[in-house]
Amino acid sequence: SPLGPTASSREVRKTVTALFCDLVGSTTLGETHDPEVLRPLLERYFSVARGAVERHGGRVEKFIGDAVSAVFGLPVTHEDDALRAVRAAMEIQARLADLATSSPFPFAARIGITTGEVLVPGDGTPLIGDAMNTAARLQAAAEPGTVLIGEPTWRLVRDAVVAEPVEPL
């Protein structure tokens with residue numbers, strides 16, 4: 001029998017829209033504030049992000065520190081998954097801006113979104129594909145309080161979204 005991993009019959013390839021959101025300045029907050037003080041802040045942020053993602057038909061894949069990785073198009077694919085992801089991102093930004101007005105801590109996030117093919121393992125392990133990594137890279141390049149979308153997503157939402165072009169990354 002061959003050595004190494006074998007493809008599971010439960011693995012499928014799917015086109016999804018990945019959303020990656022990261023709280024701005026959390027490292028500094030973590031260095032200057034007690035974790036018990038920060039916990040309610042992070043809980044509010046995660047609640048805002050999860051709520052927006054789920055309201056728009058996506059699912060949170062995981063929380064990584066203060067980052068949120070979400071996907072639209074799993075387990076059910078919708079014709080407008082890319083637009084759903086953009087709407088969720090805009091909702092997250094709006095709700096965080098509202099929280100910032102009443103919080104002693106700054107609430108700002110960077111969000112990256114892109115659409116692409118992923119391999120969905122059938123055993124609950126993470127999705128595999130460049131879309132997840134690219135969404136994280138787009139997030140890192142976004143300005144605080146903004147959403148940066150990749151070209152594949154832009155092609156799907158350009159008739160419904162007002163956006164400004166940026167230089168290629």
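Which residue stands opposite alanine 70 in strand 3? Select valine 60: valine 60 stands opposite alanine 70. Before going on, note that this is a predicted model, in which local features need pLDDT of at least 70 and side-chain atom pairs count only at pLDDT 80 or more, while totals for chains, interfaces and linings use all residues. Residues are numbered from 1 along each chain as its sequence is written, and side-chain values use heavy atoms, with hydrogens and water left out.

**Stop 1: strands 2 and 3**

Select residues 59-64, which are strand 2. Helices (H or I, at least four residues) and strands (E, at least two) are DSSP runs, numbered from the N terminus. Strand 2 pairs with strand 3 in the antiparallel sense over 5 bridges; two strands pair if DSSP finds at least two bridges between them. The two strands form a hairpin with 2 residues between them, and glycine 65 in the turn has a positive phi of about 65°.

Now show the side chains of strand 3. Ala67, Ser69 and Val71 point one way, Val68, Ala70 and Phe72 point the other way, and all are buried. Buried means under 20% relative accessible area, exposed over 50%, and partly exposed in between (1.4 Å probe, protein chains only).

Follow the chain into the loop between strand 3 and helix 3, where proline 75 is found. The peptide bond from leucine 74 to proline 75 is cis, with omega near -5°.

**Stop 2**

Strand 1 runs antiparallel to strand 3, joined by 6 bridges, and leucine 19 has alanine 70 as its bridge partner in strand 3. Strand 1 also runs antiparallel to strand 4, joined by 12 bridges. Select cysteine 21 to find isoleucine 111, its bridge partner in strand 4.

Next select residues 147-149, strand 5, which pairs with strand 4 in the parallel sense over 3 bridges. Here the bridge partner of isoleucine 111 is valine 147.

**Stop 2: the core**

Select Leu19, Cys21, Tyr45, Ile92, Leu96 and Ile113. Of the 32 residues in the largest nonpolar core, these touch the most other members. A nonpolar core is a set of buried Ala, Val, Leu, Ile, Met, Phe, Trp, Tyr and Cys residues joined through side-chain atoms within 4.5 Å. Helix 3 gives the most to this core, with 9 residues.

**Stop 3: an aromatic cluster**

Finish with Tyr45, Phe46 and Phe63, which form one aromatic cluster. Rings of Phe, Tyr and Trp (its six-membered ring) pair if their centres lie within 6.5 Å; planes under 30 degrees apart count as stacked, over 60 as edge-to-face and the rest as tilted.

Tyrosine 45 is buried, with a relative accessible area of 0%. Phenylalanine 46 also counts as buried, at 18% relative accessibility. Phenylalanine 46 and phenylalanine 63 form a tilted pair, 4.5 Å centre to centre with 55° between the planes. Phenylalanine 46 lies in helix 2 and phenylalanine 63 in strand 2, so the pair ties together parts that are 17 residues apart in sequence.
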